[in-house]
Amino acid sequence: MRNLDAVLDEIRACRACAGVLPHTPRPVVRVFAETRLLICGQAPGRRVHESGLPFTDPSGDRLRDWMGVDYQTFYADRRIGVAAQAFCYPGTAPKGGDHPPPTRCADLWRPQLLEALPRMALTLLVGGYAQAWALGGRAGRNMTETVRAWRDHAPDVLVLPHPSWRNTAWLRKNPWFEAEVVPYLRERVRGILAPSMSAHSGESRDPVL
């Protein structure tokens with residue numbers, strides 16, 4: 001098993017996409033040896049690229065609301081980690097929005113990083129690109145189909161739409177997500193972050209799917 005600190009040092013020093021990205025690579029990853037809940041988004045946005053801290057944007061506010069955690073807990077509790085599908089901001093597409101995350105990043109680093117995180121209890125796959133890479137043939141034909149089948153991947157994995165403002169219309173069109181998936185997510189997060197968990201080796205009982 002690779003040492004986590006060594007893997008993180010290599011990731012943060014990675015320049016594999018230098019000359020391909022429209023800016024100097026700046027890998028953003030935030031995980032710890034204590035991490036038990038891993039958030040896998042798609043790639044940092046421009047604001048995260050500038051701050052170096054994941055989800056410091058309106059998408060992060062919506063994600064924290066879904067999870068039922070506040071800003072301080074999200075960044076202070078080392079049981080919560082963030083490692084996107086790609087670690088560097090891919091740049092803005094000509095028609096708006098960001099470019100897709102380059103697959104080379106996940107292929108190069110994700111297996112090593114996951115191997116160095118043996119205490120994982122829950123992975124949140126946020127957005128279609130993260131779901132397609134992690135689930136492979138188990139992913140649906142599109143993000144909506146994958147998220148509708150969220151029970152097929154729980155309790156170790158939970159699939160979510162991206163919390164971007166661009167998905168506000170999707171959320172209105174699919175009210176079942178906030179009615180069914182969000183309550184389950186909040187209960188699952190509470191179980192992982194419960195203070196008693198640090199004193200017991202056993203896992204808390206999973207909520208009903």
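Modeller: Helices (H or I, at least four residues) and strands (E, at least two) are DSSP runs, numbered from the N terminus. By that count, α6 is followed by G136, whose phi is positive, near 60°. The model is predicted: local features need pLDDT of at least 70, side-chain atom pairs count only at pLDDT 80 or more, and totals for chains, interfaces and linings use all residues. Residues are numbered from 1 along each chain as its sequence is written, and side-chain values use heavy atoms, with hydrogens and water left out.

Biologist: What makes up the secondary structure of the chain?

Modeller: Nine helices and four strands. From the N terminus on, the order is α-β-α-α-α-β-α-β-α-α-β-α-α.

Biologist: Why is the chain called as compact as a globular protein of its length?

Modeller: Take the radius of gyration over C-alpha atoms; the globule rule is 2.2 Å times the number of residues to the power 0.38. The rule gives 17 Å for 209 residues and the chain has 17 Å, so the chain is as compact as a globular protein of that length.

Biologist: Why is Q85 called buried?

Modeller: Buried means under 20% relative accessible area, exposed over 50%, partly exposed in between (1.4 Å probe, protein chains only). Q85 has a relative accessible area of 4%, so Q85 is buried. Of the 209 residues of the chain, 49% count as buried.

Biologist: Where does Q85 lie, and what does Q85 touch?

Modeller: Q85 sits in the loop between β2 (80-82) and α5 (103-115). Contact means heavy atoms within 4.5 Å.

Biologist: How do you know that the buried residues of α1 line one face?

Modeller: In α1 (residues 4-12), L4, V7, L8 and I11 are buried. Seen down the axis, they fall within an arc of 95°, so they line one face of the helix. The arc is that of the directions from the helix axis to the C-beta atoms. An α-helix has 3.6 residues a turn, so residues three or four places apart point the same way. On the other side of α1, D5 and D9 are exposed. The buried residues of α1 pack against α5.

Biologist: What puts the buried residues of α6 on the same side?

Modeller: A130, Q131 and L135 are the buried residues in α6 (residues 128-135). They cover an arc of only 105° around the axis, which puts them on the same side of α6. They pack against β1 (37-40), β3 (122-126), α7 (143-148) and β4 (157-160).
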